[in-house]
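Subject: Structure handover

Hi,

Here is the structure you asked about. My notes follow below it.

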Amino acid sequence: MTQPAPLYTLCRICHFYGSKKVLDIDEFSIPPGTILGLSGPNGSGKTTLLKLLAFAMAPSRGEIHFNGRREYPMSARVRSKVTLMTQTPYLLKRSVLDNVVYGLKIRKDTKRLKQRAARALAAVGLDFDAFHNRAWHQLSGGEAQRVCLAARLILEPQALLLDEPVASVDAESARLIRQASLAARDKWGCTLIIVSHDLTWLNAVSDTRVSMEKGRIFSTHEEIILSPPYQTMQTDSTVNWVLPVSRGRHISLPDKTGETALIPADKINIAQTSENQSDEKNRIPVLVTRMALEPKTGRIEVDFDADTFRLTLLLSEEQAGALNLQPGKKRSLIFKTRDIFWR
Ligand SMILES: Nc1ncnc2c1ncn2[C@@H]1O[C@H](COP(=O)(O)OP(=O)(O)OP(=O)(O)O)[C@@H](O)[C@H]1O
């Protein structure tokens, strides 16, 4: 079967704020009609990436192709097809109805505005009669965010970019926002790009899960990502970089400075903290902080927290049982030096 042409293709993207490089993505594409789940630590570049994908600003270097053409901010071709919802709801100082139909009016698409607004509001659980005349300041935070989403859904965009859409809303609003976003994909094949710290949700709904670290995209969250700066240690004629977690074991320098150490999840063993450490192995003490069932696959998602990072692994029920994992248990992640690669 032939793959559909990508909706987005990113080529050699770098973005700088002043002299600080905050994005560095060699190549990345997003197929149409899929859900991309994006996570990563604060400051890793997620919002900047969303702004580029929304064509709200241009990358300092590189190209973004949308529907097979190189595109730019202000291009009429993308303006009507891509929409970004930010974490803090932004509403015009007008009524709910004015806010919801604003984008359609800009496009001079003014047919059956009220019916379409009623449908968009219903999709986010807001009753048209009760809400359409309300002023922007007569809404709770969760309702305001839902109005923002309705104002985007009414446009039936090809790509809906959501930046922490449920981070600061009540539980019911979060449920309705999640439901309405997924419905957009099911109803008109909308591509969803979701940034969220809610890894359970991201893992459950995403077709592709990526994480960001220091401006780069990593293809799976099932990897330990150890970032520079590392401590350095001088021995005779060579300088070895010592991973802060490796308890003195020497890790060879990567080819380029500033590289990140990656260890594939299947090369990581989880052990009792009391087990002996063999010479060639590195050991990271971790704490199990969260376990949740991933409904799609029946696997158990386990968060392990170390001092400097968090690792999420998906384990079978048998694996989790055999390892006697529970939140609060201390364990060790063990890996071989040769299984580290650098990127
Ligand atoms: N307008 C700006 N001017 C200068 N630096 C900026 C600007 N916006 C973001 N940055 C910096 O760029 C880096 C990436 O920021 P970005 O907001 O993209 O990260 P993020 O992963 O979305 O973070 P968070 O999870 O905290 O929202 C950070 O170091 C941030 O301080």
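Serine 44 is in contact with Met212, Glu213, Lys214 and Gly215, leaving aside its neighbours within four places in sequence. Contact means that two C-beta atoms, placed from the backbone, lie within 7 Å. Serine 44 is found in the loop between strand S3 (35–39) and helix H1. Helices (H or I, at least four residues) and strands (E, at least two) are DSSP runs, numbered from the N terminus. Serine 44 counts as buried because it has 22 C-beta neighbours inside 10 Å. The cut-offs: buried is 20 or more other C-beta atoms within 10 Å of a residue's own, exposed is 12 or fewer, and partly exposed is in between, with C-beta atoms placed from the backbone. Leucine 23 is 21 residues from serine 44 in sequence, and 8.2 Å away in space, C-alpha to C-alpha.

Before you read on, note that this is a predicted model: local features need pLDDT of at least 70, side-chain atom pairs count only at pLDDT 80 or more, and totals for chains, interfaces and linings use all residues. Residues are numbered from 1 along each chain as its sequence is written.

**The whole protein**

The protein has 9 helices and 20 strands. Of its 343 residues, 36% count as buried. Take the contacts between residues at least 6 apart in sequence: 68% of them join residues at least 24 apart.

**The cores**

The largest nonpolar core has 60 residues. Such a core is a set of buried Ala, Val, Leu, Ile, Met, Phe, Trp, Tyr and Cys residues joined through C-beta atoms within 7 Å. Val100, Leu121, Val124, Ala150, Ile154, Leu161 and Ile193 have the most contacts inside it. Helix H6 (residues 141–153) gives the most to this core, with 7 residues. Leucine 161 touches Leu50, Leu53, Ala54, Val82, Thr83, Leu84 and Ile193, not counting residues up to four places away in sequence. A second, separate core has 13 residues, including Ile270, Ile284, Val286 and Ile340.

**Helices H3, H4 and H6**

In helix H3 (residues 96–106), the buried residues are Val96, Asn99, Val100 and Val101. Their cover includes helix H4 (113–123), helix H5 (128–131) and H6. H3 and H6 meet through Val96, Asn99, Val100, Tyr102 and Gly103 on H3, and Val147, Ala150 and Ala151 on H6. That contact has 6 nonpolar, 2 polar and no charged residues. The axes of H3 and H6 come within 7 Å and cross at roughly 35°. Axes are lines fitted to C-alpha atoms, for helices over the stretch in contact, with angles from 0 to 180 degrees between N-to-C directions.

H4 buries Arg116, Ala117, Ala118, Ala120, Leu121 and Ala123. These pack against H3, H5, H6 and helix H7 (171–188). Glycine 125 follows H4 and has a positive phi, near 80°. Lysine 108 follows H3, also with a positive phi, near 60°.

Best wishes

Methods
Ala, Val, Leu, Ile, Met, Phe, Trp, Tyr, Cys and Pro count as nonpolar, Asp, Glu, Lys and Arg as charged, and the others, Gly among them, as polar.
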